[in-house]
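The sequence and structure are shown first.

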Amino acid sequence: MLDLGKYNLLGVKVSAVDYESAVNHVMNAAKNHQSYIVAAQPVHGIMTAVLDKAYRYRLNRFDLVCPDGQPVRWALNLLYKTNLKDRVYGPNLTLYVCEKAAQQGAKIFLYGSRPKVLEKLAFNLKEKFPTLKICGSISPPYRPLTIEEDAAFIQQIQTSETDILFVGLGCPRQETWAFEHRELLNCPILCVGAAFDFHAGNIPQAPAWMQRGGLEWAFRLWQEPKRLWKRYVLLNPLYLILLFLQLIRVLPVKKWSE
C-alpha cells in the first residue's frame, strides 16, 4: 500500500497513491460514515484546474485526487521521484471499490449519466459482483438543477442509507457537485468520469497497450473527434509546456503537508 501524500502538479494537489491505498481510504470512510471526496484526474482534469481558478480551488480541497492518467503519474515520478508503478484509473478504481463493497456488504449508489446507461451499468456490476448491493441510482437532467430538484435528489441519496456514492457527470461538473454537496452526505463520494459509460458497455475502452503507453487520449479522440478534439489537441501540448516549466523550476515544485 502506497500513500506518499499530496504534491504540486501545476498548482493542483495530486495524491501519490496506488489502488490499494485509494480503496482503503474509501472503505474506511464508508465504514465510519464520513464525508470523503475523491477525484480521478487525467491531464484534462489537471488542465481544467490550471485554466479555471474556481475549479482549482474546489479540487485542492478534495480528500484524494488520484493520478488517473499515465502522463499525470509520469509527472509525479519525474518531479518528485514518487516511483508510482501504475496510475489510479477511475474506471478501474470503480471496480476495485465495488469488489471490496461486495465483500464487506457495503451499499453503493449511482448518480449521473442517462437512465439506460445506469440500468446497464447496474446489471453489469451485479453480473461481475453478485453480492454487490446497489441501493439506488439517479439520472439528473443535463442542466442546472432547481433548488427543489437538488434537495429531492439529496434526500433520495440520504434515505437510501448508501455507504458509497459514485458520481459520473463528467469533468468539471462532477467535481463541482461533489464539493458542493459533501457536507450533506455522510459517505465517500467518488468522481469517476467515463467509468459509467465504460462499464455499461456504452463506450469502448482503449486497448491495454494504449493505456499503458499513455495513448488512451488518441483512442478516445478517434472515437469521439467532434466532442474531444479541443480537449486533446489544445490541452495536451499546453500540459507538456507547463510541465517543462515546472521541471526547470520556473513554476514551483513542492510537497504539501496535510
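## Cysteines

Cys171 counts as partly exposed, at 24% relative accessibility; buried means under 20% relative accessible area, exposed over 50%, and partly exposed in between, with a 1.4 Å probe and protein chains only. The sulfur of Cys171 lies 9.1 Å from the closest cysteine sulfur, that of Cys191, which is too far for a bond. Cys98, by contrast, is buried, with a relative accessible area of 0%. For the sulfur of Cys98 the closest cysteine sulfur is in Cys135, at 12 Å, again too far for a bond.

A disulfide is taken as a pair of cysteine sulfur atoms within 2.5 Å, and by this rule the count is zero.

## Basis of the values

This is a predicted model, in which local features need pLDDT of at least 70 and side-chain atom pairs count only at pLDDT 80 or more, while totals for chains, interfaces and linings use all residues. Residues are numbered from 1 along each chain as its sequence is written, and side-chain values use heavy atoms, with hydrogens and water left out.

## Helix 12

Helices (H or I, at least four residues) and strands (E, at least two) are DSSP runs numbered from the N terminus. Helix 12 has 23 residues, which at 1.5 Å a residue should span 33 Å; its end C-alpha atoms are 31 Å apart, in agreement. The expected span is 1.5 Å times one less than the number of residues.

A kink of about 30° lies at Leu235, shortly before the proline Pro237; the bend is the angle between axes fitted to the seven residues ending at a residue and the seven starting there. Leu235 is also among the buried residues of helix 12, as are Arg231 and Tyr239.

## Largest pocket

A pocket is an open set of points on a 1 Å grid over the protein atoms alone, where a 1.4 Å probe fits, with protein on both sides within 12 Å along at least five of seven lines; lining residues have an atom within 4 Å of a point. The largest pocket holds about 1,200 Å³ of space. Its lining comprises 49 residues, of which His44, Ala194, Arg220, Arg227 and Arg231 are the closest to the centre.

Helix 12 gives the most to this lining, with six residues.

## Second largest pocket

The second largest pocket holds about 230 Å³ of space. Its lining includes Tyr111, Trp177 and His181, and helix 8 supplies the largest share, five residues.

Note on methods. Grid points are joined across faces, edges and corners, and a volume is the space filled by probe spheres set on the points.
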